[in-house]
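Here's a quick briefing for anyone meeting this structure for the first time. Have a look at it, then read on.

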Amino acid sequence: MTMATRQEVLGLYRRIFRLARKWQAASGQMEDTIKEKQYILNEARTLFQKNKNLTDTDLIKQCINECTARIEIGLHYQIPYPRPIHLPPMGLTPLRGRGLRSQEKLRKFSKPIYLKSHDEVS
């Protein structure tokens, strides 16, 4: 990992912890705020620990993009949880008649960047 990439990752980590410290739930309830702050901290720790040994530059950039997208979406919608996507089970048309394998592959490719690691951790 280059020094610039390392600084970018550490900056994102600090940004997440600052965000969690200042977070206010959209409902205004103190219990919701505490739960959401705890979720932000646990999710950040888990994902950063999981990815701390990555050496591939492309994977690191992908993780940085995912982190940035999740931060921006959380700030915009005032919810820390990833926004779900709604695809009908057989809603993507395969190029050829290969059945469920091609559907599975198409669903994987159509998943937004901010949900790439969500299914692995949660």
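**The fold at a glance**

Going along the sequence, the chain runs α-α-α-α-α. That makes five helices and zero strands, where helices (H or I, at least four residues) and strands (E, at least two) are DSSP runs numbered from the N terminus. Keep in mind that this is a predicted model: local features need pLDDT of at least 70, side-chain atom pairs count only at pLDDT 80 or more, and totals for chains, interfaces and linings use all residues. Residues are numbered from 1 along each chain as its sequence is written, and side-chain values use heavy atoms, with hydrogens and water left out.

**Whole-chain numbers**

- Of the 122 residues in the chain, 25% are buried; buried means under 20% relative accessible area, exposed means over 50%, and partly exposed is in between (1.4 Å probe, protein chains only).
- The chain's accessible surface comes to about 8800 Å², and carbon and sulfur atoms own 56% of that. Accessible areas come from the Shrake-Rupley method with a 1.4 Å probe, and for residues only the protein chains shown count as cover.
- Take the contacts (heavy atoms within 4.5 Å) with a separation of 6 or more: 65% of them are between residues 24 or more positions apart.

**Salt bridges**

- The count comes to three salt bridges, each being a side-chain nitrogen of Lys or Arg within 4 Å of a carboxyl oxygen of Asp or Glu.
- Glu8 pairs up with Lys61, with the closest N and O atoms 3.4 Å apart. This pair links distant parts of the chain, as Glu8 sits in helix H1 and Lys61 in helix H3, 53 residues apart.
- Glu8 is partly exposed because its relative accessibility is 35%, and Lys61 is partly exposed too, at 37%.
- Arg15 and Glu72 also meet through their side chains, at 2.7 Å from N to O. Here again distant parts of the chain are linked: Arg15 is in helix H1 and Glu72 in helix H3, 57 residues apart.
- Arg15 counts as partly exposed at 30% relative accessibility, and Glu72 is partly exposed with a relative accessible area of 39%.
- Arg70 forms a salt bridge with Glu43, and their closest N and O atoms are 3.1 Å apart. Arg70 lies in helix H3 and Glu43 in helix H2, so the pair ties together parts that are 27 residues apart in sequence.
- Both Arg70 and Glu43 are buried.

**A charged patch**

- Arg14, Arg18, Arg21 and Lys22 form a positive surface patch. For a patch like this, residues need over 30% relative accessible area and no salt bridge, and like charges are joined within 9 Å.
- Lys and Arg count as positive here, while His and the chain ends are not counted. A charge is placed at NZ of Lys or CZ of Arg.
- Lys22 belongs to helix H1 (residues 3–22), and it counts as exposed because its relative accessibility is 63%.

**Two residues to look up**

- Is Thr33 buried or exposed? At 2% relative accessibility, Thr33 counts as buried.
- Thr33 is in helix H2 (residues 30–50). Leaving out residues up to four places away in sequence, Thr33 touches Trp23, Gln24 and Ala25.
- Gln78 has a positive phi of about 60° although it is not a glycine. Most residues other than glycine have a negative phi.
- You'll find Gln78 in the loop between helix H3 (57–77) and helix H4 (100–110), and it is partly exposed, at 33% relative accessibility.

How values were computed
Patch = residues over 30% accessible without salt bridge, like charges linked within 9 Å, V, L, I, M, F, W, Y side chains within 5 Å.
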